[in-house]
Amino acid sequence: MTEMLDVAHVDAFAQKLNGGVTRPDDSDYDEVRTLYNAMIDKRPALIVRCADRDDVVAAVNFGREEGLDIAIRCGGHNGPGLGSVDDGLVIDLSGLKTVSVDPDSATATIGGGCLVGDVDAATHEHGLAAPAGIISTTGASGLMLGGGIGHLSRKAGLSIDNILGAEVVLADGSVVNANESENDDLYWAIRGGGGNFGVVTQLKLRLHPVSTVVAGPMFWDLDNTADILRWYREFILNAPEDLNGFFAFASVPPAPMFPEELHLQKVAAVVWCWTGPEDGAADAFAEARSQPGLLLDGVQPMPLPTLNSAFDDLYPAGDQWYWRADFVESIPDEAVEKHAEFGAKMPTWKCTMHLYPIDGAAHRAGPTDTPWGYRNANWGSVFAGVDPDPANVEAISAWSKDYYEALHPFSAGGAYVNMMMEEGQDRIEAAYGENYARLARTKAEYDPDNLFHVNQNIKPAA
Ligand SMILES: Cc1cc2nc3c(=O)[nH]c(=O)nc-3n(C[C@H](O)[C@H](O)[C@H](O)COP(=O)(O)OP(=O)(O)OC[C@H]3O[C@@H](n4cnc5c(N)ncnc54)[C@H](O)[C@@H]3O)c2cc1C
């Protein structure tokens with residue numbers, strides 16, 4: 001325990017909780033504090049393992065009264081580790097995992113600590129789905145409050161477009177609802193402003209009738225990259241909204257499901273998801289299948305949760321991650337050439353680059369309807385250096401940064417906050433563009449002292 005914290009205070013606080021606390025001298029401290037990204041090693045003074053909303057209120061009040069930096073942790077996947085804080089207090093929401101689904105209204109209410117997989121499992125039982133991300137171990141509220149890009153973005157919009165309301169514990173410890181008719185300014189702000197405004201203990205989500213999808217990857221020979229990317233950039237923007245497909249560079253995983261002769265080969269890929277009628281899938285994929293250099297076609301019918309967890313084993317907790325990102329309106333030929341160059345230079349086999357389409361239904365919200373600053377962008381790009389070996393940190397970080405630098409001139413200016421490292425205030429403001437000023441005003445109203453500053457921080461307006 002740091003010198004700042006009075007042991008008696010912590011003991012008294014801990015006794016009031018329905019959950020518990022973990023302190024630096026507890027035997028499970030290292031296990032509990034560990035984040036997904038092994039490159040980040042933070043040592044909080046206190047981790048509050050909240051069991052319910054009352055624990056969250058108590059934790060916010062205790063942290064504020066003790067003058068501690070407060071971090072909010074859901075799935076712990078944040079790239080720069082903003083779900084934890086050195087010497088401060090972590091509000092660990094992993095005990096708030098209930099999901100209740102109302103099939104009649106096609107809505108779900110999820111606890112603030114749910115993972116994407118928890119939401120998927122509960123909604124799938126009713127043949128419904130909430131737009132979320134491509135790896136099921138990611139925190140649902142961390143992902144959704146920042147935006148939420150995934151396989152359903154073109155069909156059903158971003159996660160934020162499907163948040164109908166939230167229960168939020170504010171900096172003063174009060175609990176409020178945020179929805180269209182209550183605290184509508186807060187409702188606006190949390191749909192993209194992340195954890196800046198309070199601790200979200202519940203989210204109400206709109207669900208969509210998606211159950212079985214026809215989905216999976218297609219891999220092309222890296223030599224065909226330029227042709228594939230030039231084809232893809234036109235094709236996807238004109239495809240029906242039932243078809244999602246993100247372009248990727250990857251290495252074929254050395255797993256039994258892939259032909260051994262392809263193992264570890266670098267490829268250009270598209271990971272598809274068709275949500276239309278199954279008998280329409282052959283037509284939807286015909287053009288892709290006719291593109292030259294196709295090495296593997298893994299597209300097949302599967303339950304949506306299977307698709308949303310297909311990469312879980314490939315990317316378990318404990319790898320080193322360094323990533324950069326940008327929003328992209330178009331991919332001119334010069335950008336295609338740069339992509340081809342950096343795709344071929346991935347330094348280790350888990351490194352990857354994704355271009356996630358964010359057109360279709362994600363374009364139906366206007367530029368200021370939510371804080372998401374780039375409704376005009378067609379893709380979110382991410383350059384992810386990933387490797388299990390700490391010795392490769394330098395190589396994967398350099399590749400990610402160099403790739404980003406080379407492509408940034410072709411970007412829309414800012415990036416998705418959930419796929420950024422700690423890159424400075426300019427980059428945060430660029431992420432929100434014209435919406436930043438309103439976010440700052442809302443922050444001043446709900447968190448004037450910036451209690452919740454361990455995040456991609458929105459500074460309260462003066
Ligand atoms: C392997 C991997 C795959 C990913 N895939 C996708 C993807 O497909 N689509 C996508 O959009 N993003 C994706 N991301 C990015 C992801 O959205 C961010 O990393 C996000 O921060 C993760 O949320 P978390 O809850 O797991 O993180 P945490 O580290 O637990 O939290 C991160 C931040 O979220 C905020 N937060 C979390 N929960 C709450 C809450 N209940 N109330 C208030 N604030 C809260 C806090 O500010 C906190 O600092 C992926 C990340 C990884 C590592």
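Guide: Happy to; we begin at the ligand and then turn to a pocket and the cavities. This is a predicted model, in which local features need pLDDT of at least 70 and side-chain atom pairs count only at pLDDT 80 or more, while totals for chains, interfaces and linings use all residues. Residues are numbered from 1 along each chain as its sequence is written, and side-chain values use heavy atoms, with hydrogens and water left out.

Around the ligand there are 34 residues, and Cys-74, Gly-76, Leu-82, Ile-149 and Tyr-416 are the closest; a residue is counted if one of its heavy atoms lies within 4 Å. Let us turn to polar contacts, which are pairs of N or O atoms within 3.5 Å. A polar backbone atom of Gly-76 is 2.7 Å from an oxygen atom of the ligand, and a backbone N or O atom of Gly-75 lies 3.0 Å from a ligand oxygen atom. Asn-78 brings a polar side-chain atom to 3.1 Å from an oxygen atom of the ligand. On its own the ligand has 960 Å² of accessible area, and the protein covers 97% of that (Shrake-Rupley method, 1.4 Å probe). Strand E3 (70-73), helix H5 (140-146), strand E9 (199-206) and strand E15 (320-328) each give two or more residues to the shell around the ligand, and H5 gives the most, with four residues. Helices are DSSP runs of H or I with at least four residues, and strands are E runs of at least two, numbered from the N terminus.

On a 1 Å grid over the protein atoms alone, a cavity is a set of points where a 1.4 Å probe fits but cannot get out, whereas a pocket is an open set with protein on both sides within 12 Å along at least five of seven lines; lining residues have an atom within 4 Å of a point. The second largest pocket holds about 220 Å³ of space. Its lining has 14 residues, with Arg-73, Cys-74, Gly-75, Gly-76 and Leu-115 nearest the centre.

The structure also holds three cavities of 30 Å³ or more. In the largest cavity there is about 80 Å³ of space, and among its 13 lining residues Val-328, His-339, Ser-381, Leu-407 and Phe-410 lie nearest the centre. E15, helix H11 (333-343) and strand E17 (379-387) each give two or more residues to that lining. The second largest cavity has a volume of about 50 Å³, and its lining includes Gly-146, Phe-327, Trp-372 and Tyr-416.

Definitions and conventions
Grid points are joined across faces, edges and corners, and a volume is the space filled by probe spheres set on the points. A polar contact is a pair of N or O atoms within 3.5 Å; within protein, one must be able to donate a hydrogen and the other to accept it, and residues adjacent in sequence count only if both atoms are side-chain atoms.
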